[in-house]
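Please look at the sequence and the model together before reading on. The report below turns to a pair of helices and then to a pocket.

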Amino acid sequence: MSDTQERWTLEDIMALFDGIFAERYQTRLIRGGDEPLYRPANSVTPYHQVIFARGYYASALHEISHWCIAGEKRRQQEDYGYWYCPDGRNAEQQRAFEQAEIAPQALESIFTHACGRQFHVSVDNLGGDIEVDIEAFAARVEARAKRYLAEGLPARAGAFQEALERFYGHQEALNQAVAGGLAILDQADHVISG
């Protein structure tokens, strides 16, 4: 596709995610408002929601990354039971934030590259009074991404990466890309049970 805007649509990323995970994990990717949020199923909404901010494609990939890392117990809690200290963090809070963000941003970088897009780390502290070493953080994220690629991705992350590579890299149809992601989950289930 020649038009970049048409190549990376929210509808496609939502359809890929939902196609792989909606039935098996009762989880859907939802376009949200100003802030991202993970909301477990409840009496009103019978499925878990990975809510990404403001319709940003990068936010969708980032929130999917968090979901791919969260264990079963964490996925039963709003925002996986983690604290979030907003923009304007002090040095100690920023260190804690960066430590918690290395793995998700590493997965996000892998997903972003699978889509054929440029990845940018986020230190998410524009209003803080401290100096943030973006290059050092970026190096830690890149090292973690290389480790994931060398050692293997978590099953859900591997399934999503496979679907992204098929859809964006190989230009397969959406249903074929989803089938490829589901096959990765089936392989992981077979290894666990076998």
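## Helix packing and a pocket

In α3, the residues Y57, L61, I64, W67, C68 and I69 meet R156, A157, F160, L164 and Y168 of α6, where contact means heavy atoms within 4.5 Å. These residues divide into ten nonpolar, no polar and one charged, with Ala, Val, Leu, Ile, Met, Phe, Trp, Tyr, Cys and Pro counted as nonpolar, Asp, Glu, Lys and Arg as charged, and the others, Gly among them, as polar.

This is a predicted model, in which local features need pLDDT of at least 70 and side-chain atom pairs count only at pLDDT 80 or more, while totals for chains, interfaces and linings use all residues. Residues are numbered from 1 along each chain as its sequence is written, and side-chain values use heavy atoms, with hydrogens and water left out.

α4 has 24 residues and reaches 33 Å from its first C-alpha to its last, close to the expected 34 Å, a span taken as 1.5 Å times one less than the number of residues. Just after α4, G116 takes a positive phi of about 80 degrees.

| Class | Lining residues |
|---|---|
| Nonpolar | 20 residues |
| Polar | nine residues |

Technical notes
Helix = DSSP H or I, 4+ residues; strand = E, 2+ residues; numbered from the N terminus.
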